[in-house]
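Dear colleague,

I am passing on the structure below for you to look over, and my notes on it follow. Please read them with the coordinates open beside you.

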Amino acid sequence: MSKFEALTGNDAVATAMRQINPDVVAAYPITPQTSTVQKFSEFVADGLVDTEFVTVESEHSAMSACVGAAAAGARVMTATSANGLALMWEIVYIAASNRLPIVMSLVNRALSAPINIHCDHSDVMGMRDSGWIILFSENAQEAYDNFIQAVRIAEHPDVLLPVAVCQDGFITSHGMERVEIYDDDEVKAFVGEYRPQWSILDIDHPKTYGPLDFYDYYYEHKRQQVEAMENALRVIQEVAEEFNRKFNRTYGLFEAYRLDDAEVAVVVVNSTAGTAKAVVDQLRAEGLRVGLLKPRVFRPFPAKELVDALRHLKAVAVMDRAISFGSMNNASPLFLELAAAMTLHGVQIPMADYVFGLGGRDILPREIESVYRDMLRTAETGQVERMVTYLSVRE
Amino acid sequence: MATKLALKELIKQPMRLTPGHRLCAGCGASIVVRQVLMAIDDPVVVTNATGCLEVATTIYPYTAWNVPWMHNAFENAASTISGIEAAYRALVRQGKIPERNVKFIAFGGDGGTYDIGLQALSGAVERGHQFLYICYDNGAYMNTGIQRSSATPMGAHTTTSPAGKKIPGKQQFRKDLTAIMAAHGIPYVAQAAPSHWRDLMKKVRKAVDCGGPAFINILSSCNRGWRHATDETIDITQLAVDTCYWPLYEVEDGEWRLTYKPKEKKPVEEWLKRQGRFRHLFRPENRHIIDELQAEVDRRWERLLRLCGEA
Amino acid sequence: MAELKGWRDIPIGGMILEAGNAVQYPTGTWRAFRPVFGEAKCIHCFTCWLYCPDSSILVDPENEKMLGFDLEHCKGCGICAAVCPVNAKVQREAGETVERDDPRLCIRMVEEGKFQE
């Protein structure tokens with residue numbers, strides 16, 4: 001029987017970790033991730049898990065130890081944020097390239113400088129080309145559910161890629177919510193036993209991991225990663241379908257909220273999608289045809305599926321907690337990628353980019369409302385007033 | 001029963017590092033690796049920091065390793081092996097894999113150990129992972145083309161401490177990494193040289209059986225960087241030991257012990273003059289550097305003798 | 001050099017599944033000097049075997065005999081000759097510098113082009 005508990009996002013992920021009972025966790029404290037591994041270390045200390053918890057001296061070593069442990073055929077997890085992820089950087093790529101199914105809880109936080117501990121998405125956006133699968137979570141429930149599914153996605157023989165499960169720092173990670181926690185045995189049954197095809201601990205069949213790979217084969221190994229990402233799109237949906245059946249949820253590649261008959265929509269990930277839903281309801285009450293698209297899967301980027309979900313609209317706004325500095329119009333990563341997808345799929349809809357919430361700046365319902373009203377005007381005129389808006393920055 | 005440390009017995013051991021690797025002719029690194037692995041009868045799992053050894057032994061699709069082996073990155077051979085060792089313990093404890101008395105070995109050059117990998121190494125030994133870290137110290141970043149590291153001897157010419165008109169080679173003494181590792185208070189730390197193979201192998205055996213983290217710093221000649229003929233590798237290593245530039249000792253549970261005392265301590269000059277990287281020191285204006293180096297070697301040797309109760 | 005394979009036909013992640021397959025890669029072509037074994041003088045001490053960086057000393061473990069050199073892989077560094085105690089003895093007894101290709105040596109180093117069986 002499942003039960004409802006009042007949990008923070010970090011506690012929810014720690015609970016998933018306890019239920020999954022990974023073989024190795026290697027992590028280093030960093031705000032706002034820290035309470036995840038604090039909670040998990042209590043489970044270790046109380047003997048509730050069989051995990052070797054490697055209390056490394058840095059995030060670089062956290063990811064390095066994860067890579068070693070995953071190569072040993074262990075089920076491996078870690079958690080980090082912002083600068084911690086940045087310190088892991090080199091090994092983040094190596095984890096994906098070595099095809100190691102590590103699962104990471106990434107509690108999104110702004111990258112330095114200046115140093116800041118609060119939420120934005122500059123951390124995860126930096127890892128978007130690293131070869132990791134990236135899932136976003138609106139709330140603690142989704143972080144919990146995504147984390148459980150991530151194990152199955154990562155370990156699928158057609159995928160074998162690491163997965164980062166994102167949630168918003170402090171907003172989700174430290175906000176107490178009502179979370180449905182499934183029965184331990186059901187979670188264990190869902191994730192199943194990990195049976196790795198290869199292990200560096202297979203003493204009788206010695207293998208070499210991580211050789212020097214020149215121009216004659218490096219490219220072929222990269223091509224294999226492309227294949228794995230393509231497979232991941234299918235596997236993510238298969239795992240979600242099974243999860244939905246078992247736990248009565250509705251996960252897919254994205255969530256469409258009142259989108260079917262909408263004229264304009266906002267595309268936004270993580271916790272802000274929750275706020276935006278309230279704004280949609282309020283504007284709908286005024287008779288305005290507005291909707292929301294909340295991507296869940298960012299890597300692999302489900303371009304065609306997103307385009308198909310948006311193609312009927314008259315205007316689309318992307319809201320993103322990050323800037324791709326120096327990119328076209330200094331826009332946000334999500335906007336740039338979605339705009340490219342729309343255009344290349346032959347869908348010409350006015351689109352605008354709204355950067356918001358950097359360094360944990362609050363995003364208020366009235367600000368989201370202003371985005372919708374901008375889009376409603378654009379729907380009427382067919383004109384985008386400003387391609388990129390830095391929402392709520394003081395002039 | 002452990003294999004007797006006699007060459008007639010050791011030749012019967014399976015070959016753990018095969019020929020066909022692409023290390024330079026006369027390289028000390030593969031000699032070190034062969035001696036280390038030869039000393040261990042149990043199964044081994046190896047990690048390797050980026051460096052000559054890693055690069056030259058695993059050029060895809062070829063590997064010279066007959067044992068499970070992993071390269072992750074430059075600075076993380078110790079954290080990578082700690083992950084593997086943690087996985088081993090977790091999997092054995094849960095009965096998912098059999099207990100095989102596996103020995104975990106990390107190899108890194110001096111760049112990967114003294115410099116960029118020091119933090120990961122310090123962390124891994126502090127956590128108490130049961131593994132042996134072998135630093136094959138050739139005193140520079142040889143893989144990238146002989147750049148100075150904190151292991152480079154004072155006065156040596158490298159490509160980033162060139163013997164110039166104003167600055168005659170590296171300005172600093174070598175970092176005493178072996179002492180730093182001993183200061184971690186881990187069960188076993190030693191310094192060894194392949195010229196003294198039985199001493200080296202005994203140390204490896206003690207290290208892998210010490211029940212905790214162990215570190216051995218092994219001098220490994222690089223004829224390209226040291227500038228000597230390819231066949232002088234062992235001879236020059238022997239001289240480093242006999243001049244006390246590279247004393248052989250161990251620190252077992254905090255007890256310092258000299259494992260080899262040269263009958264006659266030779267002047268460091270005898271080691272220097274055999275290597276092209278020190279040639280400029282023999283110009284009259286640079287003689288003082290040899291004197292300084294000698295004074296430092298003496299100071300460290302005297303300190304070591306005191307620590308070993310030999311003074 | 002083996003034929004280059006396509007991405008579907010190689011293990012993922014850069015793994016090499018065939019342990020020790022570097023033996024298939026010849027490094028003997030690097031050699032400028034060739035070690036020549038003076039079998040009659042050999043005391044089968046295996047010092048050369050111990051110090052060969054290329055594991056290129058062929059031995060018969062059962063009969064405990066040094067057999068010669070793996071010239072497919074030997075890079076000709078000459079460490080075997082330098083550490084050979086028989087060579088050292090010859091050197092000492094000669095009282096003069098003995099050339100590296102002196103026939104009195106147990107392991108001689110002979111310039112590749114000049115080598116004759």
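**A threonine in chain A**

The side chain of A:T8 has a polar atom that lies 3.0 Å from the backbone nitrogen of A:D11. Please bear in mind throughout that this is a predicted model. A:T8 sits in the loop of chain A between β1 (3–7) and α1 (9–20), and its relative accessible area of 11% means that A:T8 is buried, since the cut-off for that class is under 20%. If residues up to four places away in sequence are left aside, A:T8 touches A:A140, A:T172, A:S173, A:H174, A:G175 and A:M176.

**The interface of chains A and B**

Between chain A and chain B about 3300 Å² is buried, with carbon and sulfur atoms contributing 61% of that area, and the contact draws on 44 residues from chain A and 47 residues from chain B. How many salt bridges does the rule find across the interface of chain A and chain B? There are five salt bridges between these two chains; B:K96 and A:D23 form a salt bridge in which the closest N and O atoms are 2.9 Å apart. The interface of chain A and chain B also holds 19 residue pairs in polar contact, counting pairs in which both residues are at pLDDT 80 or more.

On the side of chain A that touches chain B, at least two residues each come from β3 (52–54), α3 (59–71), α4 (82–97) and β9 (208–209) of chain A, and α3(A) provides the largest share, with eight residues. By class, the residues on that side of chain A are 21 nonpolar, twelve polar and eleven charged.

**The interface of chains C and A**

For chain C and chain A the buried area is about 1600 Å², and 66% of it is given by carbon and sulfur atoms, while the contact takes 16 residues from chain C and 17 residues from chain A. Of the area that chain C buries against chain A, 40% is supplied by C:W7, C:I12 and C:M15, which is more than any other three residues supply. The side of chain C that touches chain A is made up of ten nonpolar, three polar and three charged residues.

**Cysteines and a helix in chain B**

Over all chains, a search of the whole structure finds zero disulfides.

Helix α10 of chain B (residues 233–242) is largely enclosed by the rest of the structure, because eight of its ten residues are buried. The buried residues in α10(B) are B:T233, B:I234, B:I236, B:T237, B:L239, B:A240, B:V241 and B:D242. Just after α10(B), B:C244 adopts a positive phi of about 70°.

With best regards

Definitions and conventions
Residues numbered from 1 in each chain as written. Chains lettered and ligands numbered in written order. Heavy atoms only, no water. Contact = heavy atoms within 4.5 Å. Buried area = accessible area lost by both parts, 1.4 Å probe. Nonpolar A, V, L, I, M, F, W, Y, C, P; charged D, E, K, R; others polar. Disulfide = S-S within 2.5 Å. Helix = DSSP H or I, 4+ residues; strand = E, 2+ residues; numbered from the N terminus. Buried < 20%, exposed > 50% of the residue type's maximum accessible area, 1.4 Å probe, protein only. Polar contact = N/O pair within 3.5 Å; in protein donor to acceptor, adjacent residues only side chain to side chain. Salt bridge = Lys/Arg side-chain N within 4 Å of Asp/Glu carboxyl O.
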